[in-house]
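Work through the exercises below with the model open. Try each task before reading its solution.

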Amino acid sequence: MNTGPAITVNGLTKDFRIGLRGLKLRAVDNVSFEIPRGQVFGLLGPNGCGKSTTLKIILGLVSPTAGKVSILGFPFATTAARSRTGFLPEAPYFHKFLTGRELVAYCARLSGVKPESVNHAVEEALVLTAMTEAADRTIGTYSKGMLQRIGLAQAIVHDPELVILDEPTAGVDPVGSAAIGQMIKSMKSKGKTIVLCSHLLGQVEQVCDRIAIMDRGKLVLEGRVDDVLTRRDQNIITVENLTPDARRAAEEVLAQHGAKITSITHPRRSLDDLFRELVTGSRDA
Amino acid sequence: MPNFMKSSLTRISWMTRLTFLEAIRQRFFAFLILLSAALVLSSVSFRFLDFGHGELKFVCDFGFGGMFLFGSVLAVVMSAQLFFAEMDNRTALTLLAKPVSRTEFLVGKFIGVWLVLGVFIFTLSTLLGIILWARCQELTATAIEVGKAPPELSITGLLSYTGMQWARLGVVAAMILMVASLARTFLFTVIVGSMLVVAGQLQWLAQETLLKPGELNFFSKALLSISTYIIPNLQQFNIGDALTLDHGSVADGAVTLALFSGTCYIVVFLFIGSLIFRQREI
């Protein structure tokens with residue numbers, strides 16, 4: 001088994017020509033990064049920063065102006081590389097007249113799943129994405145959350161090594177987003193490499209091993225989530241029943257060691273956690 | 001068969017199925033097939049004109065006219081519409097991120113559209129055949145009663161003509177997909193495609209002009225010669241009357257030659273189309 005990086009992007013640049021005079025718009029500017037196998041990689045940035053263009057170049061849907069991309073050891077997104085990759089596009093749109101099950105089976109056949117294995121693969125993908133109940137309805141009747149989930153099912157039906165998810169939680173309620181987060185964790189536990197583009201920073205922080213942040217086409221930060229988020233010069237101590245006397249005593253002890261308490265606050269749970277605690281299930285299942 | 005070829009054919013067949021299913025559901029297809037069927041069936045109401053042998057020719061012309069005109073409109077609009085639906089709705093993004101090559105995508109689209117055109121043309125041809133056969137029986141009985149020669153009708157000829165029309169529509173569909181792979185909009189594709197179809201129907205005029213000696217200067221002659229190779233002669237497929245009512249008047253090998261030429265144009269158009277489509281950014 002190849003143990004090299006799942007994706008290597010080196011000096012990637014993409015210019016789009018605009019108008020008749022051929023003015024150039026630089027969408028991606030000399031971007032380089034590596035995504036190790038078996039990790040969840042978050043690609044973040046504001047709208048129009050070049051994330052989706054970068055993903056499209058990785059998938060061979062758009063050709064780069066300069067730079068190189070290698071995917072699963074292949075020098076570019078060959079048919080062989082794409083057969084081992086799953087992709088959920090941003091705001092996915094599928095043929096409305098197909099049922100969810102038909103779509104996933106159709107994608108399985110296009111991705112090279114053998115006819116005798118299609119039913120099993122489809123069933124597995126539908127179970128993992130919690131779409132079994134709605135699988136026989138036409139896609140035209142699906143809610144946004146269900147579209148994202150069926151999109152995820154079509155992306156993973158052929159058991160790919162690499163799964164690329166472009167805004168999988170866009171338009172999905174917090175319960176659905178949390179479910180998608182769980183699916184990502186579940187895929188990671190099976191050794192898949194996942195590239196995640198998302199604006200849900202809390203979720204990215206929870207599920208990603210590494211992140212890269214892009215702004216105006218450039219890569220402004222890349223590294224392990226723990227490394228980039230942890231402030232090594234400060235510590236948090238959570239204390240129960242802190243009385244004023246105990247606080248004064250603690251301050252004195254800390255002062256003897258040259259340390260100082262800068263703030264004392266009550267811990268808060270996130271709104272995301274509170275919402276999921278109160279709302280038990282998604283309405284669109 | 002090598003594995004890669006088998007996989008490729010599988011992907012093309014699935015692209016074809018999806019395109020066919022999408023096309024057959026379109027209201028535009030239903031509308032055109034109903035309109036054309038109404039045109040073919042309405043030809044019976046002109047029986048009162050009682051042209052004898054000429055009546056069958058009249059019915060033939062009506063039916064062939066419907067198949068030709070509405071078939072051309074369907075081939076141009078549906079090929080362009082199905083291609084741009086994939087682009088504009090971004091379903092192409094999902095499909096082409098799978099191990100589907102651009103050539104497989106385009107060929108799958110073509111075969112899907114061509115099958116729908118086949119359904120259209122064979123349905124109308126069956127209707128026309130039934131009408132012609134029924135009227136021919138009546139005219140034959142009348143002719144025998146009055147001691148005249150019965151009218152001639154070749155169902156095999158009608159089938160040959162149907163096959164030729166299907167081939168013609170295949171050439172049109174492949175030509176439109178080639179234009180679509182280059183174009184940015186549906187409207188541009190339909191306009192340019194329609195102009196090419198008209199040029200194809202009139203291409204025989206260029207051939208005739210070239211045969212007349214001394215009428216053209218070198219530049220015009222070169223330009224016309226090139227156009228006769230680039231633009232297919234669509235008129236060569238329109239020999240329905242001769243095939244159905246006067247089979248003997250068709251030159252030997254004319255049908256085979258037309259079908260061979262049609263196949264070559266389809267292959268060339270799809271090849272050029274897929275080369276252009278490979279460069280397209282999705």
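**Exercise 1. Contact range and make-up of chain B**

Task: find what share of the contacts in chain B between residues at least 6 apart in sequence join residues at least 24 apart.

Solution. Start with the contact rule: two C-beta atoms, placed from the backbone, within 7 Å. Keep the pairs in chain B at least 6 apart in sequence; 81% of these contacts join residues at least 24 apart. Next, list the elements, taken as DSSP runs numbered from the N terminus (helices: H or I, at least four residues; strands: E, at least two). Chain B has 11 helices and zero strands. Its C-alpha trace spans about 70 × 55 × 40 Å along the principal axes.

The model is predicted: local features need pLDDT of at least 70 and side-chain atom pairs 80 or more, while totals for chains, interfaces and linings use all residues. Residues are numbered from 1 along each chain as its sequence is written, with chains lettered from A and ligands numbered from 1 in the order written.

**Exercise 2. A helix pair in chain B**

Task: describe how α8(B) and α9(B) pack.

Solution. Locate α8 at residues 203–211 and α9 at residues 218–230 of chain B. The angle is about 135°, and the axes lie 9 Å apart. α8(B) is therefore oblique to α9(B). The classes are roughly parallel under 35 degrees, roughly antiparallel over 145, roughly perpendicular from 65 to 115, and oblique for the rest.

Now list the residues. B:Q203, B:A206, B:Q207, B:T209 and B:L210 of α8(B) meet B:K221, B:L224, B:S225, B:S227 and B:T228 of α9(B). By class, this contact has three nonpolar, six polar and one charged residue. Here Ala, Val, Leu, Ile, Met, Phe, Trp, Tyr, Cys and Pro are nonpolar, Asp, Glu, Lys and Arg charged, and the others, Gly among them, polar.

**Exercise 3. Where the chains meet**

Task: characterise the side of chain A that touches chain B.

Solution. Count first: 20 residues of chain A are in contact with 21 of chain B. Then assign elements: α2 (79–82) and α3 (100–110) of chain A each supply at least two residues of that side. The largest share, four residues, comes from α3(A). By class, the side has 12 nonpolar, six polar and two charged residues.

**Exercise 4. Around B:A174**

Task: which residues does B:A174 contact, leaving aside neighbours within four places in sequence?

Solution. They are B:F110, B:Y265, B:I266, B:F269 and B:L270.

Terms used:
Axes are lines fitted to C-alpha atoms, for helices over the stretch in contact, and angles run from 0 to 180 degrees between N-to-C directions.
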